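Colleague: I am new to this structure and would like a close look at a single part of it. Please begin with a loop, then settle on one helix and go through it and its surroundings in detail.

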Amino acid sequence: MKSIKIISSVLNGNLVKNRAKVKQAVSNFEGKDIEVIIRKATKRRSNPQNAYYFGVIIPLTIQAIESEWGEIWNTDKTHNMFKSLFLFEEKVNKETSEVIKIPTSSTENTTAKQETFHNQCREFLKEWFNVEAPLPNEEIIFE
């Protein structure tokens with residue numbers, strides 16, 4: 001068993017949901033070192049969002065880059081470009097006020113943050129390549 005994810009609630013400093021499951025999960029790793037991560041439960045990007053991004057936005061971008069710049073890019077390079085443009089946290093040097101951008105992973109995006117990311121990618125396609133990316137569940141009509 002590699003990992004176990006259990007959603008619970010906290011009230012007055014105690015777990016109030018799924019306490020038995022947590023206890024059972026811990027006992028499954030008896031005698032082993034474990035890593036415990038506690039964070040607020042949020043809805044992570046959905047599989048349909050992921051499919052839309054890698055099935056629509058990324059291919060349209062690869063095609064636009066080839067058409068406009070004459071360059072052949074793969075999925076990873078294209079995804080990394082979008083991450084560097086839109087998925088980062090800024091670190092400020094307090095002495096010099098210099099700002100650097102540290103890329104973050106899209107795998108940690110909530111569904112809302114992923115949709116914002118998609119909007120930014122669509123706007124980039126429109127501004128740089130005059131390409132209108134269809135919205136999720138929108139039909140593409142070729143004339």
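Modeller: Ser-97 lies in the loop between strand E3 (88-92) and strand E4 (99-103). The model is a predicted one. In it, Ser-97 has a positive phi, near 65°, and Ser-97 is not a glycine. Most residues other than glycine have a negative phi. Ser-97 counts as exposed because its relative accessibility is 54%, and the cut-off for exposed is over 50%.

Asn-130 also has a positive phi, about 55°, without being a glycine. Asn-130 follows helix H4, in the segment after that helix. With a relative accessible area of 56%, Asn-130 is exposed. This leads to the helix itself.

Helix H4 covers residues 111-129, which is 19 residues.

Which residues of H4 are buried? They are Gln-114, Phe-117, His-118, Cys-121, Arg-122, Phe-124, Leu-125 and Phe-129. Viewed down the helix axis, these buried residues fall within an arc of 155°, so they line one face of H4. The face turned away from that buried side carries the exposed residues Ala-112 and Glu-127. Helix H2 (47-69) and H3 are among the elements that cover the buried residues of H4.

His-118 is one of the buried residues of H4, and its relative accessibility is 0%, so it counts as buried. Setting aside neighbours within four places in sequence, His-118 is in contact with Gln-49, Tyr-52, Tyr-53 and Ile-57.

Lys-113 is also placed in H4, but Lys-113 is partly exposed, with a relative accessible area of 43%. Lys-113 and Trp-69 are 44 residues apart in sequence, and their C-alpha atoms are 29 Å apart in space.

Arg-122 is another of the buried residues of H4. At 9% relative accessibility, Arg-122 falls under the 20% cut-off and therefore counts as buried. Arg-122 forms a salt bridge with Glu-115, in which the closest N and O atoms are 3.1 Å apart. Glu-115 has a relative accessibility of 27% and so counts as partly exposed.

How many salt bridges does the structure hold? It holds three. Another is formed by Lys-126 with Glu-132, where the closest N and O atoms are 3.1 Å apart. Lys-126 is partly exposed, with a relative accessible area of 35%, whereas Glu-132 is exposed, with a relative accessible area of 59%. There is also a salt bridge between Glu-89 and Lys-91, the closest N and O atoms being 3.0 Å apart. Glu-89 is partly exposed at 37% relative accessibility, and Lys-91 is partly exposed at 43%.

In helix H2, Glu-66 is partly exposed, with a relative accessible area of 42%. Glu-66 touches Glu-71 and Ile-72, leaving out residues up to four places away in sequence.

For helix H3 (residues 75-86), the residue is Thr-78. Is Thr-78 buried or exposed? Its relative accessibility is 0%, so Thr-78 counts as buried. Thr-78 touches Ile-58, Thr-61, Ile-62 and Trp-73, again leaving out residues up to four places away in sequence.

One last item concerns the surface. Val-26, Ile-34, Val-36 and Ile-38 form a nonpolar surface patch, and their accessible area together is about 430 Å². Of these, Val-26 is found in helix H1 (residues 19-27). Val-26 counts as partly exposed because its relative accessibility is 46%.

To return to H4: its buried residues line one face of the helix, with H2 and H3 included in what covers them, while Ala-112 and Glu-127 are exposed on the face turned away.

Note on methods
Residues are numbered from 1 along each chain as its sequence is written. This is a predicted model: local features need pLDDT of at least 70, side-chain atom pairs count only at pLDDT 80 or more; totals for chains, interfaces and linings use all residues. Side-chain values use heavy atoms; hydrogens and water are left out. Helices (H or I, at least four residues) and strands (E, at least two) are DSSP runs, numbered from the N terminus. Buried means under 20% relative accessible area, exposed over 50%, partly exposed in between (1.4 Å probe, protein chains only). Contact means heavy atoms within 4.5 Å. Patches are made of residues with over 30% relative accessible area and no salt bridge: like charges are joined within 9 Å, nonpolar side chains (Val, Leu, Ile, Met, Phe, Trp, Tyr) within 5 Å. Accessible areas come from the Shrake-Rupley method with a 1.4 Å probe; for residues, only the protein chains shown count as cover. A salt bridge is a side-chain nitrogen of Lys or Arg within 4 Å of a carboxyl oxygen of Asp or Glu. The expected span of a helix is 1.5 Å times one less than its number of residues. The arc is that of the directions from the helix axis to the C-beta atoms.
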